[in-house]
Amino acid sequence: MANELILIVEDNEMSRKLVRDVLTVKGYTIVEAETGEEGVRLAQERRPGLVLMDIRLPGIDGIQALGRLRAEVATRAIPVMAMTASVMSGDRQRVLDAGFDAFQSKPIKIKDFVAAVEQLLERHRS
């Protein structure tokens, strides 16, 4: 469902811009953070329908930020998709084991990425 709020937690401006541009064209409202701490704060304040979280971030990393979101009643149920350029065989499983709802490798393939976002939002709604 378009017009849903999505939080992008990504320190790389080019990656953030690409994701923002792709999702705004699809009608989503975007809020952005460059650090894990800022992402956690914005998730608590804005309660997005989905968080897209880079794993390698300045300050706390994406896995630590996810832990903070899952520890709070208000943000525990927000679906969080990991987005990372780390695609070694064990990385995907390590990320999913940490409690992320989905995994997206970078650079993103736009059609697959949009489908994954829509699927995660839909799954969370039902």
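These legends walk through a few close-ups of a predicted model.

Local features need pLDDT of at least 70 and side-chain atom pairs count only at pLDDT 80 or more, while totals for chains, interfaces and linings use all residues. Residues are numbered from 1 along each chain as its sequence is written, and side-chain values use heavy atoms, with hydrogens and water left out.

**View 1. The largest cavity holds about 40 Å³ of space.** Searching the whole structure turns up 1 cavity of 30 Å³ or more. Here a cavity is a set of points on a 1 Å grid over the protein atoms alone where a 1.4 Å probe fits but cannot get out; points are joined across faces, edges and corners, and the volume is the space filled by probe spheres set on them.

**View 2. Ile8, Val9, Glu10, Val19, Leu52, Met53, Asp54 and Met83 line the largest cavity.** Lining residues have an atom within 4 Å of a point. β1 (5-9) and β3 (50-54) are the elements giving two or more residues each, and β3 has the largest share, with 3. Strands are DSSP runs (E, at least two residues), numbered from the N terminus.

**View 3. Helix α1 (residues 13-25) meets helix α5 (residues 110-125).** Helices are DSSP runs too (H or I, at least four residues). Their axes, lines fitted to C-alpha atoms over the stretch in contact, come within 11 Å and cross at roughly 65°. That makes α1 roughly perpendicular to α5 (65 to 115 degrees). Leu18, Val19, Val22 and Leu23 of α1 make the contact with Ile110, Phe113, Val114 and Val117 of α5, where contact means heavy atoms within 4.5 Å.

Technical notes
1 Å grid on protein atoms, 1.4 Å probe; cavity = no way out; pocket = protein on both sides within 12 Å on 5 of 7 lines; lining within 4 Å. Axes fitted to C-alpha atoms, helices over the stretch in contact; angles between N-to-C directions. Parallel < 35°, antiparallel > 145°, perpendicular 65-115°, else oblique.
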